[in-house]
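Trainee: Could you take me through this model by letting me ask about a few of its parts in turn?

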Amino acid sequence: ATDFGIMDALKKLGIEEVNKGTSTGSQCFGSGETIASYSPVDGTLIGKVNSTTKADYEKLMSTATQAFNTWRTTPAPQRGEIVRQFGDKLRELKEPLGKLVSYEMGKSYQEGLGEVQEMIDICDFAVGLSRQLHGLTMHSERPGHRMYEQYHPLGVVGIISAFNFPVAVWAWNTALAWVCGDVCVWKPSEKTPLCGIACQNIAAEVFKANNLPEGISCLINGDYKVGELMTNDKRVPLISATGSIRMGKIVAQAVAARLGKSLLELGGNNAIIVTPDADIKMTVIGAVFGAVGTAGQRCTSTRRLIIHESIYDTVKDAVVNAYEQLRIGNPLDENNHVGPLIDTDAVKMYQGALRKVVEEGGKIIVEGGVLEGNGYESDCYVKPAIAEAKNEYEIVQHETFAPILYLLKYSGDVQNAIALQNGVVQGLSSAIMTNNLREAEQFLSCAGSDCGIANVNIGTSGAEIGGAFGGEKETGGGRESGSDAWKIYMRRQTNTINYTTELPLAQGIKFDF
Ligand code: UN1
């Protein structure tokens, strides 16, 4: 079989010890038991990494806390310069890293490259930001006084990321946290540990070349138990976690119990509303990419299409027609649109969801199924499916990380569609397809979409890094990436300075003695 340049990519990323097919390549970032990484693309064992033990963690935390002392006193624009160099390294390694993402996670090579591009973009953003960590100044109510606020580095930031964006989500956090003067400890998903190692190698090289101490970028490996070391650790003032709502609730409670801060980016149940004034061609592109891109494994994937009854059949036929043309197969082969799911557990959840929607009264209009035979040996390839369903079905309320799209019908006013769109526990991304200004503005108004992301005439997935990324309700409320998301990575301090020889009290209080 062609290896699509995988071996070469691994070599360029410093993951060389890989003995394809049979045995292990092992990278020691810990001394615990090994985690094997199998590619969902072809079932091959790509490599093994050691998980982090409690003792490893303690050692790493002392390196990190020490490194913080150096890093926080490095001027922010100089920290930005390091991030600039990191971004340049990513430009150099975009292709091999994009390939590893594609091979270890299963998304298309184009999307793997897109993910690395998001990393590069956030680095550029962070470089500019390193000269713009602004606070406000205020007028004091007392004569001869000055007030202002400033943002100081926070400390050790813990990052827990998911398999579906194995590199970009780390970069959104880490590039900002670094310019903010923080050091980072990253626990990537145990399903994509080699992506973690590749990124850590790149970062470590940049820090080393600049004579900066180890510990500004740290990597820990393992399952939720390793994550718990951080969530329960008082030395970690901020935990940024991306993953399921179930995981987020556990993390949030652990961090809240010690009054730490958490930034949560959890599940979505994203819908596109298609009104009678929608451009059907654009709708189909947005909906199909949103539903089947990354095999439906983005937190922004389109799960529901809420279509007005007057155009329901037209939209349905157009989408079904597009599904018939989808090519499923090796994501490194650029002729394919849809790659595998992450593992066979995900396949089981996909099958369970399809069974459930039928049980609840839904009608499958594009059949799903697991693919077998030549090219599908990993047992992770599934057919994107479409079901006509109702919003209140339990399965429709639930985020299934797979390419299953639910069609829902609405009648009457756009407000009815908005009510359906909002009628789920998640609140990440949403979209409306319409050329009707009134409908679009209603959707964006305070009585409109309740999501963190609301788009007009584009789909639910594929957000740019410049905006704040995250959502409301059970999506967790956190915001990462652009806009002023950086503020959570710093501690704010209000300063009042008296340059007189008197000491007047605020609120005019008299206190004479
Ligand atoms: C995620 O799935 O966790 O908007 C992140 C998007 C991507 C990021 C998704 N930029 O689809």
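Mentor: What follows is a set of questions about an annotated residue, a helix, a hairpin and a sheet.
This is a predicted model, in which local features need pLDDT of at least 70 and side-chain atom pairs count only at pLDDT 80 or more, while totals for chains, interfaces and linings use all residues. Residues are numbered from 1 along each chain as its sequence is written.

Trainee: Which residue does the UniProt annotation "active site" cover?
Mentor: UniProt positions are given in the numbering used here, feature names are shortened, and annotations may be inferred rather than shown by experiment. The entry is unreviewed, and its "active site" annotation covers Glu265.

Trainee: Is Glu265 buried or exposed?
Mentor: A residue is buried if 20 or more other C-beta atoms, placed from the backbone, lie within 10 Å of its own, exposed if 12 or fewer, and partly exposed in between. Glu265 is found in strand E10 (residues 261-265), where strands (E, at least two residues) and helices (H or I, at least four) are DSSP runs numbered from the N terminus. Because Glu265 has 29 C-beta neighbours inside 10 Å, it counts as buried.

Trainee: How many residues of helix H6 are buried?
Mentor: Helix H6 covers residues 168-179, and its buried residues include Trp170, Trp172 and Trp178. The helix is largely enclosed by the rest of the structure, because the number of its residues that are buried is twelve of the twelve.

Trainee: Which residue in the turn between E2 and E3 has a positive phi?
Mentor: Strand E2 (residues 34-38) and strand E3 (residues 45-50) pair in the antiparallel sense over five bridges, and two strands pair if DSSP finds at least two bridges between them. Ser37 stands opposite Gly47 in E3. The two strands form a hairpin with six residues between them, and the turn residue with a positive phi, of about 80°, is Gly43.

Trainee: What is the bridge partner of Met147 in E22?
Mentor: Strands of a sheet pair through backbone hydrogen bonds, either parallel or antiparallel. Nine bridges join strand E5 (residues 145-153) to E22, and these two run antiparallel. In E22, the bridge partner of Met147 is Thr496.

Technical notes
Expected span 1.5 Å × (residues − 1).
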